[in-house]
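Please walk through this structure with me, helix pair by helix pair.

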Amino acid sequence: WNGLARFAEENLARDKSNADWWTMAGYAYSRLERYPRAVECYAETVRLAPDDITGWHLLAQAYRSAGQPERAVNTLSNALNVRQDAPVTFFLLGESYGDIGRLQPALDAYQQALRLNLDLAPAWLGMGRVYLRLGRLTEAAEAVKVLERLDPRMASELKGAPGWR
């Protein structure tokens, strides 16, 4: 990953206006767990290519990895101004709200993700975890049933989560 980061930085030295090089650098720094630099790179990706929703997702994930879930929530809320039909945006928003213990907004975000893509297994898992944290075991069991069809590994993970009966 160091080599990829160097390669991206060398290309950025020649062309700082290329969002793809910023994305590549951000990815390398994320893999190296150098999250502050990854955030800088992804922020530049978003600045240069604000209509590309992937850049917003990567920036939000870098904030989460850097221990700044509130900034991830803000980033994803801004991403919704760009595009409101990307289920992954809502899924990541659910994850970020969950990180800061805002369970009802997390649940709302997961539900919106599933309205856009009913087969998005990670959203079912996230929603099931929130249901468990809220003590809503019937709804958590329903999420398990869906996950057993979509992704049995995730169903097992949910059944092993704290709060499962």
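**Helix packing and aromatic pairs**

Helix 2 crosses helix 3 in a left-handed sense, meaning that the near helix is turned anticlockwise from the far one by less than a right angle (clockwise would be right-handed). The model is predicted, so local features need pLDDT of at least 70 and side-chain atom pairs pLDDT 80 or more, while totals for chains, interfaces and linings use all residues. Residues are numbered from 1 along each chain as its sequence is written, and side-chain values use heavy atoms, without hydrogens or water.

Helices here are DSSP runs of H or I with at least four residues, numbered from the N terminus. Axes are lines fitted to C-alpha atoms over the stretch in contact, and angles run from 0 to 180 degrees between N-to-C directions.

Contact means heavy atoms within 4.5 Å. On the helix 2 side, the contact residues include Trp22, Tyr27 and Tyr29. On the helix 3 side, they include Tyr35, Cys41 and Leu48. The residues of this contact divide into ten nonpolar, four polar and two charged. Nonpolar covers Ala, Val, Leu, Ile, Met, Phe, Trp, Tyr, Cys and Pro; charged covers Asp, Glu, Lys and Arg; the others, Gly among them, are polar.

Now the rings. There are three aromatic pairs, counted when ring centres of Phe, Tyr or Trp (its six-membered ring) lie within 6.5 Å. Phe7 and Trp21 form one that is edge-to-face (planes over 60 degrees apart). Their centres are 5.3 Å apart, with 80° between the planes. Phe7 sits in helix 1 (residues 2-14) and Trp21 in helix 2, 14 residues apart. Phe7 is partly exposed at 40% relative accessibility, whereas Trp21 is buried at 19%. Buried means under 20%, exposed over 50% and partly exposed in between, with a 1.4 Å probe and protein chains only.

Phe91 belongs to helix 6 (residues 87-99) and Tyr110 to helix 7 (residues 103-116), so the pair ties together parts 19 residues apart in sequence. Phe91 is buried at 15%; Tyr110 is buried at 3%.

Helix 7 also packs on helix 8 (residues 121-133), at about 150° with axes 9 Å apart. The two are therefore roughly antiparallel, and their crossing is left-handed. Tyr110 is among the contact residues of helix 7, and Trp124 among those of helix 8.

Definitions and conventions:
Phe/Tyr/Trp six-rings, centres within 6.5 Å; stacked < 30°, edge-to-face > 60°. Parallel < 35°, antiparallel > 145°, perpendicular 65-115°, else oblique.
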